[in-house]
Amino acid sequence: MQFKKIITLVAIAASGIMISSCSRQVTRVNPDQTIDISGNWNNTDSRLVAQEMTQSILGSKWLPEFLESHAGKKPVVIVGMVTNKSHEHIDAETFVKDVEQAFIQSGRVRLVQGGKKREELRAEKADQQDNASVSTMKKFGLENGADYILQGSINSIVDSHKRQKVVYYQVNLELTNIQTNEVVWIGDKKITKYVKN
C-alpha cells in the first residue's frame, strides 16, 4: 500500500514538472525590434531590404530623367512578381508590401495595383456596370497605366557543417520601362547569417 502511494506521488510530481516545463510564455514586442530566433528570413530582413532597395531605386538617375522629360509628372510604378527561389518558405507578398509601402511613403512615384488585386478591382467595376447607379458607376478604360514594372527574386545559399551554418540571402530586383522594355535600374541586397546550434 505504501508503495502505491509513493508511485502515485512520483507520477503527480513528474506530470507537474512536465506541465510546467512545457508552459509557453508569450510577450508582445515592438514589430521594429530585431529578433532572430531561427536564422531564417524574417520580418526584419523583409523590411530592411525593402527600405534600402527602394531608396536605391528612387535615388537612381532614371527618376530625375523621367521627371525632366515629363514636365515633373511622377512616374507610375507597378510591383510585379518577386519569386522565392530560396531554400525556405518565404512569403514574397510580405516583402512586396514592404516595397509598395516604401514607394508610397516616399511620395516620389505613383503606385498602381497589380496581379490578383487588380483582377478584383476590375471584377468590381464589371459588377458596378449592372448594379450601381450611373452617377456612381466606375468606368472601364480609365486606369493609370504603369510606366515601370519592378520584378525580382529572393535567392539563398546554405553552407552547413555539424551544428553550424551560414545562410546567404540575395534579393535581386529590376525596374523596367514597360513601353520600351529597357531595364533602367538593377539592384541587389545581400544578407549573411551565421547560425550556431
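Ser86 counts as buried, because its relative accessibility is 14% (buried means under 20% relative accessible area, exposed over 50%, partly exposed in between, with a 1.4 Å probe and protein chains only). Before going on, a word on the source: this is a predicted model, where local features need pLDDT of at least 70, side-chain atom pairs count only at pLDDT 80 or more, and totals for chains, interfaces and linings use all residues. Residues are numbered from 1 along each chain as its sequence is written, and side-chain values use heavy atoms, with hydrogens and water left out.

**Around Ser86**

You'll find Ser86 in the loop between E1 and H4 (helices, H or I with at least four residues, and strands, E with at least two, are DSSP runs numbered from the N terminus). Leaving aside neighbours within four places in sequence, Ser86 is in contact with Ile154, Asn155 and Ser156 (contact means heavy atoms within 4.5 Å). Tyr168 is 82 residues away from Ser86 along the chain, yet their C-alpha atoms are separated by 9.6 Å.

| Atom group of Ser86 | Partner | Distance |
|---|---|---|
| Ser86 side chain | Asn84 side chain | 2.6 Å |

**The core**

The largest nonpolar core has 28 residues, and Phe95 and Phe103 have the most contacts inside it (such a core is a set of buried Ala, Val, Leu, Ile, Met, Phe, Trp, Tyr and Cys residues joined through side-chain atoms within 4.5 Å). Among the elements giving two or more residues to this core are helix H2 (43-58), helix H4 (92-106) and strand E4 (164-177).

Beyond its neighbours within four places in sequence, Phe95 touches a list of residues including Trp41, Val82, Ile154 and Leu173. Phe103, in turn, is in contact with Thr54, as are Val99 and Ala102. Thr54 sits in helix H2 and counts as buried, because its relative accessibility is 2%.

**Helix H3**

Which residues of H3 are buried? They are Trp62, Leu63 and Phe66. These residues are on the same side of H3, because they cover an arc of only 95 degrees around the axis (taken from the directions from the helix axis to the C-beta atoms). The buried residues of H3 pack against H2, E3, E4 and E5. Just after H3, Ala71 takes a positive phi of about 55 degrees.

Notes. Polar contact = N/O pair within 3.5 Å; in protein donor to acceptor, adjacent residues only side chain to side chain.
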